[in-house]
Amino acid sequence: MSPPRAASTPASTADLPVCACARRQALAALALADPAVKVQRTLALHRALRAGDLLIDPAAGLQADAAGALLPGRPGRPELLPPNRMAWRDPRSREGRAALLHAIAHIEFNAINLALDAVWRFPGLPADYYRDWLRVAAEEAEHFTLLREHLQSLGADYGDFPAHNGLWDMAEKTAGDCLARMALVPRTLEARGLDANPGIRAKLAAAGDAHGAEILGRILADEIGHVAIGNRWYHWACAQVSRDPRTAYDAIAREYAAPRLKPPFNREARLQAGFTAEEMAWLEGKT
């Protein structure tokens, strides 16, 4: 069976100015608080970029206050709690399974924001950088839609359970440094998702949630590509300042107090996502 695709979300580019600035539009989308509207606009932006209706202006000087709201835009719910206050729910129960899917949906909602933020925040980069991250934003929007629809089929919705904000916290820490952002968000926090995904997928399957497990399979396939994009631009950024990627990562992780990487690692997925055999040996403590 092929991986599920997100149901088509009605989204028109008619309200976008012709040849609008992709980075300025990404900032506006980031400021949107309603998840459904943010998804709609993000998908529309990606289609408009592919159609040539958005211009990429790497030099545009953008200010967050131009969005007219606090960033990122988010709804009043879910309640945000520290990670150590998040309750564990047994996925064998309907409510526990909904809570688990809600936690993943929140990660995907944050991932939309992270990708949009990567587009508007960092000027002066190659046009392909902005194209890559707008594509990531669109795929994260599809993931969020799949998970939200599945949550709704269980009688719940996004916002019904508390969530933590670790992904966005690291985005704020690295707001002034694109190299650090690439090192610590896609290569660290999102790569941890590659490691965790198979176990979560197995739990859903064991609980009889075949559709949820199938969605997790789709997400894993796409996230390998997202981490690969992070790896690509991390190595590019290291080359621009003549830094060794291995030693630079160690220094950046210490400077920003990044979470310590712990096994087990999804070696196959990480290799597909651009981690080298040497990096994997280092992660696994073999060197």
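Good morning. One caution first: this is a predicted model. Keep that in mind throughout.

Let's start with empty space. Rolling a probe the size of a water molecule over the atoms shows where empty space is left. The largest pocket here has a volume of about 1,500 Å³. Its lining has 50 residues. Which of them are closest to the pocket's centre? They are Ala103, Ile107, His164, Ala196 and Ile200. Now the helices. α3, residues 94-121, supplies at least two residues of this lining.

On to the second largest pocket. Its volume is about 200 Å³. Who lines it? The lining includes Tyr249, Asp250, Ala253 and Arg254. Ala258, Pro259, Arg260 and Leu261 also line this second pocket, along with Trp282 and Leu283. Two helices, α8 (245-255) and α10 (277-283), each supply at least two residues here. Which helix gives the most to this lining? That is α8, with four residues. By type, the second pocket's lining has seven nonpolar residues, no polar ones and three charged ones.

Next, the core. The largest nonpolar core has 88 residues. The residues with the most contacts inside this core are Leu116, Tyr129, Trp133, Leu184, Tyr234 and Ile252. The largest share of the core comes from α3, with 13 residues.

Take Leu184 from that list. What does leucine 184 touch, beyond residues up to four places away in sequence? Its contacts are Met170, Thr174, Leu189, Tyr249, Ile252, Ala253, Tyr256 and Ala258. Look at two names there. Ile252 is itself on the list of residues with the most contacts inside the core. Tyr249 also lines the second largest pocket.

Now to α5. Its buried residues are Leu167, Trp168, Met170 and Ala171. Why are these four on the same side of α5? They cover an arc of only 155 degrees around the axis, so they sit on one and the same side of the helix. An α-helix has 3.6 residues a turn, so residues three or four places apart point the same way. What do the buried residues of α5 pack against? They pack against α1 (22-31), α3 and α6.

Two single residues now. Histidine 46 is in helix α2, residues 35-51. Is histidine 46 buried or exposed? Its relative accessible area is 14%, under the 20% cut-off, so histidine 46 is buried. Setting aside residues up to four places away in sequence, histidine 46 touches Leu134, Arg135 and Ala138.

Compare the setting of aspartate 90. Aspartate 90 is in the loop between β2 (54-55) and α3. With a relative accessible area of 23%, aspartate 90 is partly exposed. Leaving aside neighbours within four places in sequence, aspartate 90 is in contact with Gly96 and Arg97. Aspartate 90 and leucine 27 are 63 residues apart along the chain, and their C-alpha atoms are separated by 38 Å.

Last, the backbone. There is a cis peptide bond between arginine 77 and proline 78, with omega about 15 degrees. Proline 78 is in the loop between β2 and α3. Aspartate 90 is in that loop too. Another cis bond runs from proline 263 to proline 264, with omega near 5 degrees. Proline 264 lies in the loop between α8 and α9 (267-272).

Then the positive phi angles. Serine 242 is not a glycine, yet its phi is positive, about 55 degrees. Where is serine 242? It lies in the loop between α7 and α8. Serine 242 counts as exposed, at 69% relative accessibility. Alanine 257 also has a positive phi, near 50 degrees. Alanine 257 lies in the loop between α8 and α9. Its relative accessible area is 56%, so alanine 257 is exposed.

That's the tour. Thank you.

Key:
Residues numbered from 1 in each chain as written. Predicted model: local features only at pLDDT ≥ 70, side-chain atom pairs only at ≥ 80, totals over all residues. Heavy atoms only, no water. 1 Å grid on protein atoms, 1.4 Å probe; cavity = no way out; pocket = protein on both sides within 12 Å on 5 of 7 lines; lining within 4 Å. Points joined across faces, edges and corners; volume = space filled by probe spheres on them. Nonpolar A, V, L, I, M, F, W, Y, C, P; charged D, E, K, R; others polar. Buried < 20%, exposed > 50% of the residue type's maximum accessible area, 1.4 Å probe, protein only. Arc of directions from axis to C-beta. Contact = heavy atoms within 4.5 Å. Core = buried A, V, L, I, M, F, W, Y, C linked by side-chain atoms within 4.5 Å.
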